[in-house]
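Visitor: I have a protein model to look at, and I would like to learn how to read it. Could you walk me through it?

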Amino acid sequence: MNDVFIAGIGMTPVGEHWDKSLANLSARAILDAIKDAGGIKPQALYVGNLLASTVSRQANLGTLIAENAGLTHIETFTVEAGEASGAAALHVAYQAVKSERVDTALVVGVEKVTDMVGPSIDYAIAQTMDYDFEVTQGLTPAAQAALLMARYMDEFQAERDSFSALPLLAHANAAGNPFAMYRQAIDLETYCAAPALSSPLNLFDAAPYADGAAALLLVNNKQLISKSPVRIAASNVVVDALALHDRQDPLSFRAATLSTYKALAQADLEWNAIDLFELWDAYSIYGVLTLEACGLAPRGDGWRWIQENDLTPKGGIPLLTMGGNKARGFPLGAAGVYQAAEAVLQLRLDAGQNQVPDARRAMVQAMGGPASTVVTHIFTKD
């Protein structure tokens, strides 16, 4: 059986990298991943990116990045799936190694948000939405999330400050992540005092856009030299209608439901076997809806469930163990690769003060839009 393993990881700190290019950031992550894997060289490179062709005015990223990292004459191209582009690139690499087309494949997720400033960046990111029926009406991703939050609060009588639990958890965990953008915990008073972003959404309900690059080196059984391999036990992609008005129930993240249970079935696991869950917290309402969609919390009760459970790294169901998108920073198309690399650190027992005790199985889920595209992976330490 041709298993697929993550043999090496590399990350740059998430932040505002004004002095670095897409190629610079990518090369740092790639070279670190190759070194971490013991010098194994990839036969293919798959790039996850959302904004480069618009914001950085650079297409054909695969060739640019491969050349700059010294990887010549290999298969390479860019994968785009909205904010889940990096996770989708990992899925493509997994398929390439699993099918034995290649023995080694490298994934890099990279984003350079600071190549554009001002309102134009919001317009560029809005490309992930339905242009004809949402963007032309002035809707932005933040405004869309605010509409979902307002409807959720009305329909399920959720308290406004109950959405604080995930941002507070994320910031507490990011304090122990050397790659995080915001390494400082916040309290409920700070959360409640934050300015409105798009009412009822406030500034702490939204993950901050940032620059960054993260890389993973995948190998098969024949190439495996690591003494502590992390196996990819499941990988899938599921989509839903792009525009919210085309869904029967906008508060049901149906693609997340399907993707989660497909992954559990592929890995032959139940939820109680998962030691940590890196969910998608682009907005706090997304986290609540994800917990309900994945079957961890009853519908309409996700906000209470968060308050009633210990979600810290030492708790019963650890979430956002390295700060999530909210506090690690949200490098959009690269975020899914950061999630995966952070999960690998947990399974290697290398997560420092954020370590989940005896972590052996991790679920990682990335989204493009409000669960318009959902990519789920399960990693195991066999």
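Visitor: Which residues of helix 6 are buried?

Guide: An α-helix has 3.6 residues a turn, so residues three or four places apart point the same way. This is a predicted model, and in its helix 6 the buried residues are Pro141, Ala142, Ala143, Gln144, Ala145, Ala146, Leu148, Met149, Tyr152, Met153 and Phe156.

Visitor: How does the span of helix 6 fit its number of residues?

Guide: With 16 residues at 1.5 Å a residue, helix 6 should span 22 Å, and its end C-alpha atoms are 22 Å apart, so the two agree. Just after the helix, Gln157 has a positive phi of about 50°.

Visitor: How should I think about a nonpolar core?

Guide: In soluble globular proteins, nonpolar side chains tend to be buried together. Here the largest nonpolar core has 118 residues, and Tyr152, Leu216, Leu218, Ile285, Ile378 and Phe379 have the most contacts inside it. Helix 13 (residues 335–347) gives the most to this core, with 9 residues.

Visitor: Which residues does Ile285 touch, leaving out those up to four places away in sequence?

Guide: Ile285 touches Ala145, Leu148, Met149, Tyr152 and Phe163. There is also a second, separate core of 25 residues, with Ala7, Ile34, Leu45 and Ala215 among them.

Visitor: And how do I find empty space?

Guide: Rolling a probe the size of a water molecule over the atoms shows where empty space is left. In this model, the largest pocket holds about 640 Å³ of space. Its lining has 31 residues, and Leu203, Ala206, Ala207, Pro208 and Tyr209 lie nearest the centre. Helix 5 (119–125) and helix 6 (141–156) are the elements that give two or more residues to this lining, and helix 5 has the largest share, 3 residues.

Visitor: What classes of residue line the largest pocket?

Guide: The lining of the largest pocket has 22 nonpolar, 5 polar and 4 charged residues.

Visitor: How many cavities of 30 Å³ or more are there?

Guide: The search finds 2. The largest cavity has a volume of about 70 Å³, and among its 13 lining residues Glu83, Thr128, Pro141, Tyr283 and Tyr286 lie nearest the centre. The second largest cavity has about 30 Å³ of space, and its lining includes Leu166, Asp205, Tyr283 and Lys326.

Key: Residues numbered from 1 in each chain as written. Predicted model: local features only at pLDDT ≥ 70, side-chain atom pairs only at ≥ 80, totals over all residues. Heavy atoms only, no water. 1 Å grid on protein atoms, 1.4 Å probe; cavity = no way out; pocket = protein on both sides within 12 Å on 5 of 7 lines; lining within 4 Å. Points joined across faces, edges and corners; volume = space filled by probe spheres on them. Helix = DSSP H or I, 4+ residues; strand = E, 2+ residues; numbered from the N terminus. Nonpolar A, V, L, I, M, F, W, Y, C, P; charged D, E, K, R; others polar. Core = buried A, V, L, I, M, F, W, Y, C linked by side-chain atoms within 4.5 Å. Buried < 20%, exposed > 50% of the residue type's maximum accessible area, 1.4 Å probe, protein only. Contact = heavy atoms within 4.5 Å. Expected span 1.5 Å × (residues − 1).
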